[in-house]
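Reader: Can you walk me through this one? Keep it quick.

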Amino acid sequence: NKLKMSKKSKENPTVKSFSLNGHSRPVRMVRYNMDGDMFFTCSDDKLIMAWDNETAEKVGVYEGEGACRSLAVSKNTEYVIGSYRLEGVNIFEATTGDVLLHLDITDGYKAEYVEFSYGDHELLVLNVKGEKSRIDIYDFSKLLKCNTKPLRTISFDEEITQATYGYLNEKLYLSTNKGKMYIADPQTGEIDVEAKVHPGFTIFSFTFSKDFSLLAS
């Protein structure tokens, strides 16, 4: 079935548009919290910003040490995670902005992407070095207690641009800088499905519909 674009936004006079001003350099990611009452943006200007979804008012700022490439928000909006390409990963307390933990990335890798598993039990950190990628998966509760040893590490001999858990964490979905997408085992990294969805072009991001029935890249 072909998707039909909705025209409701043109007909509904209650739809508001906002121009948000806060970052001074390119914005790398926009992510909503689970309740949908807030959204967060991160930028090359070192900042993560929290915004009220109804008023578009800026309600919080989290400052790192370098360009912030991606962010993740825990399900109860207790923690905000930022990945910084050269500096590593910061775990912020959402209400205070305090850095609870800084996670260094080793062996010349750069922290490109962070994501919580469904339920927030695990934190996934995608690190890239040239045409190599490494996914470190941590027990998040142990991370908060400063235990920084990964539960497991999965390596790939190509550049992965995003790694995201699928429905109930049963699969791991991966995109690459060559236009491929993979579905992999989250325990071993073994590839179950490979698809050339944007051949020859970098996939910058992808996302699921709320019920995981659709994926957009």
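What follows is a short chat about strands and salt bridges.

Author: This is a predicted model, where local features need pLDDT of at least 70, side-chain atom pairs count only at pLDDT 80 or more, and totals for chains, interfaces and linings use all residues. Residues are numbered from 1 along each chain as its sequence is written, and side-chain values use heavy atoms, with hydrogens and water left out.

Reader: How do β14 and β15 pair?

Author: Antiparallel, over four bridges, with β14 at residues 172-176 and β15 at 180-184. Strands are DSSP runs of E, at least two residues, numbered from the N terminus. Two strands pair if DSSP finds at least two bridges between them. L172 has A184 in β15 as its bridge partner.

Reader: What sits between β14 and β15?

Author: Three residues, in a hairpin; G179 in the turn has a positive phi of about 85 degrees.

Reader: And how many bridges join β15 to β16?

Author: Five, again in an antiparallel pair. I183 is bridged to V193 in β16.

Reader: Switching topic. How many salt bridges are there?

Author: Ten. The criterion is a side-chain nitrogen of Lys or Arg within 4 Å of a carboxyl oxygen of Asp or Glu. One of them joins E115 and R31, with the closest N and O atoms 3.6 Å apart. E115 is in β9 and R31 in β1, so the pair ties together parts 84 residues apart in sequence.

Reader: Is E115 buried or exposed?

Author: Buried, at 10% relative accessibility. Buried means under 20% relative accessible area, exposed over 50%, partly exposed in between (1.4 Å probe, protein chains only).

Reader: What about D136 and R134?

Author: Their side chains form a salt bridge, 3.0 Å from N to O. Both residues are buried.
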